[in-house]
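I opened a new notebook page for this structure.

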Amino acid sequence: MKTILITGATGMIGREVVKACHARNYKVHYLTTSKSKLSDETNYKGFYWNPSENEIDHSCLQGVDAIINLVGASISKRWTDSYKREILTSRTETAKLLVSTIKANNYPIKHVVSASAIGIYPSSMTNYYEEGYNEKSSSFLGEVVAEWESAVEAFSELGITVAKIRIGLVLSMHGGALPEIAKPAKFGAGAAFGTGEQWQSWIHVNDLAEMFLFAVDNNLEGIYNGVAPNPMTNGEVTKAVAKTLHKPLILPNIPKVAMKLVLGEMHMLLFESQRVCAAKIENAGFEFKFHHLEPALLDLFS
């Protein structure tokens, strides 16, 4: 039986990854900053850490074969200067703490599979991004992802195999963007943002969870795009949500300037365009359950 240490296990993606582990009868250790979330159940044991104080219960690493690293403050909160620092440090300092803990205690961890994000790719209406594309986005998110991936790469200096999954728009009814898109659509008031022509590379949360376990089970190394094979434009996504809910769309597109007033710098999340290729993970043998958007939405809304 494998033992997997998961950071961010209680988040939207983490909960699905835990389910995927248990479906394989894997034992899960998880780290949490909340002592109230600690539990010791069959195949599911919590350990406390406080990365801001460089504190960790290093017994979380005992007997662990691989780490799935999902920790990171949500990017869906207003980006004040202090919160932008939290977005960055919650990804980089946590990785550094794990690296130093493994090194200090000589734990024989074999594999780390870490979340990353497609925000590292520059916004473009025409590019079709594969993992080997080297130019980095100059946006705040691009800088965060570049530093995040660099921090994660430090595991490899300990002889650990490292894989990074660059995640796109995750579709789930338990968080993320989909419930927010669906709210106005349920009243026939949904609308695309800007021209609606910006690309959104999406993935069903179940496929993403399975992808993390596929990476573990097949000892993958390097960078893989965590997106479904068929990206859609923002306008197409909005129309597909309305169609799935059997609702009309009656509002005009929402202008960029309006969302900048409401959301500040975070408005870029709605207007960035990244059309991202899933071929590398498919060529490694991963099979998507949800290749196309409408079946994914039907599953989630059912």
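**Entry 1: a surface patch.** I looked for nonpolar side chains on the surface and noted a patch formed by V257, L261 and V262. Together they have about 340 Å² of accessible area. I keep in mind that this is a predicted model.

I then picked out V262, which sits in helix α7, residues 256-263. Is V262 buried or exposed? Its relative accessible area is 53%. The cut-off for exposed is over 50%, so V262 counts as exposed.

**Entry 2: helix α4.** Next I turned to helix α4, which spans residues 178-185. Which of its residues are buried? I listed L178, P179, A182 and A185. Looking down the axis of α4, I found these buried residues within an arc of 120°, so they line one face of the helix.

I also checked what they pack against. The partners are β9 (169-171), α6 (234-244) and α10 (293-301).

**Entry 3: L98.** My last stop was L98, in helix α2, residues 81-105. I looked up its relative accessible area and got 0%. Buried means under 20%, so L98 is buried.

What does L98 touch, leaving out residues up to four places away in sequence? I wrote down L5, T7, L31, W49, I56, N69 and F155.

I also looked up the separation between L98 and I67, which are 31 residues apart along the chain. Their C-alpha atoms are separated by 9.7 Å.

Conventions. Residues numbered from 1 in each chain as written. Predicted model: local features only at pLDDT ≥ 70, side-chain atom pairs only at ≥ 80, totals over all residues. Heavy atoms only, no water. Patch = residues over 30% accessible without salt bridge, like charges linked within 9 Å, V, L, I, M, F, W, Y side chains within 5 Å. Areas by Shrake-Rupley, 256 points an atom, 1.4 Å probe, with all protein chains shown as cover. Salt bridge = Lys/Arg side-chain N within 4 Å of Asp/Glu carboxyl O. Helix = DSSP H or I, 4+ residues; strand = E, 2+ residues; numbered from the N terminus. Buried < 20%, exposed > 50% of the residue type's maximum accessible area, 1.4 Å probe, protein only. Arc of directions from axis to C-beta. Contact = heavy atoms within 4.5 Å.
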